[in-house]
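Please open the model in the viewer and keep the sequence at hand.

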Amino acid sequence: LGEWLRGSVAGVPWLLASQSVSRWPLALQVADLGGSYAVSFALIAVGGGLGIAVRRRDARVLAAPALVALLWLGYGALRLAMFAEPAGPRARVGVVQASVPQSERFGPDTAERNLARHETATRALVAKGPLDLVVWSETAVDIDVDRHPRIRARLERLAAEVGVPIVTGAPRSARGRLTNAALVVTPERGLAESYDKQRLVPFSEYDPFFAEWLAPLIGPVLEGPPYVAGREATVFRAGPIPFATPICFEITYADLVRGFRAEGAQLLVNLSNDAWFGRIGYPELHFAHAVLRAVETRSSVVRGANTGISGVVDARGRVLDELEAFAEGTLRVDVAAAGALPPYARTGDAPLLVLLVAGLVVSVLRERGGRRS
């Protein structure tokens, strides 16, 4: 309940217990019933039960955590054994991780240089074999494409040259407001569609109402014009599988990702730039969110991150391939379209919250009853 309040209400879904087992698919399968919080509940219940047994020196207490572990991991084993990929379309996806340092982005002459870096990697990737989609990263094009037609023209020429739709992040101002956007550039239509990021990061992407007095403390983070939040859960249909593009931290919000699936997305493509946060800890935590969203929605997740971790996760929560943080490289993986929405993608947190609150009420009543006796 505390994790839910912190993650879903306060909007800080980080350092969750569930993230510690993100590389153990057996432990993740209950996420299709209750999300990452169901995984956390199982972990905390087992750990708490073991702790109580040790504290009381009473082996009988182990019955409760043993039952939780049996149900939790038994469900995981059953789901993995019975899982069958839907008989829908598949897509061959390539990912470019250019690993551009933050000091070499958003400068007066960085856009041309960084675009050339992505162009070279994309040509080499497509030369290895046919692809249905090429994925770059959040603001891989670090300049407003609507105010710089030469950059847009280069993107459109590249897509036409390689014959593959390209998904990239870039600022946009076409609708009279600056947004952090995901663009789809196709060989036939050029810059065909875009998605505007809906949940912006305070201070780095927009200025909260209380930012003025903090400005001297955080300095350069507040520089530049703020973005305006998007309002639509866009689903792209440029490839064989309809896909949506949660940008950066948006992959950490289960409700927003469920919204993309509800709108018809059968593949999730997460664009991010994690260069701000260094090499240790944060890249793994962010990638763990992508793994959890894959199981919660039973959808493959392709993650293109500037400095990593880029990778591909299937609907079981298995990492099919990845590029380590701050490595430059590419990868190519076949992914399947998602099937029917699992229970969590349809109901969200409501059933789990009812159970948690009921458990809390029962515990309080039992505690009061014990004191009276």
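**The whole chain**

Begin with the surface display: the accessible surface of the chain comes to about 17100 Å², and 59% of that area belongs to carbon and sulfur atoms. The model shown is a predicted one.

Next, switch to a cartoon, in which 11 helices and 11 strands make up the secondary structure of the chain. The radius of gyration is 22 Å, close to the 21 Å given by the globule rule for 373 residues, so the chain is as compact as a globular protein of that length. Along the principal axes, the C-alpha atoms fill a box of roughly 80 × 55 × 35 Å.

Colour the residues by burial: of the 373 residues, 51% count as buried. Where contacts join residues at least 6 apart in sequence, 67% of them link residues at least 24 apart.

**A single residue**

Now select arginine 105, which lies in the loop between strand E1 (90-97) and helix H5 (110-127). Is arginine 105 buried or exposed? Arginine 105 is buried, yet has no salt bridge. Display aspartate 142 as well: this is the nearest side chain of opposite charge, 5.1 Å away.

Finally, show the remaining surroundings. Leaving aside neighbours within four places in sequence, arginine 105 is in contact with Val100, Thr110, Asn114, Glu138, Thr139, Ala140, Asp142, Asn273 and Asn306.

Conventions:
Residues numbered from 1 in each chain as written. Predicted model: local features only at pLDDT ≥ 70, side-chain atom pairs only at ≥ 80, totals over all residues. Heavy atoms only, no water. Helix = DSSP H or I, 4+ residues; strand = E, 2+ residues; numbered from the N terminus. Buried < 20%, exposed > 50% of the residue type's maximum accessible area, 1.4 Å probe, protein only. Lys, Arg positive; Asp, Glu negative; His and termini not counted. Salt bridge = Lys/Arg side-chain N within 4 Å of Asp/Glu carboxyl O. Contact = heavy atoms within 4.5 Å. Rg over C-alpha atoms; globule rule 2.2 N^0.38 Å. Areas by Shrake-Rupley, 256 points an atom, 1.4 Å probe, with all protein chains shown as cover.
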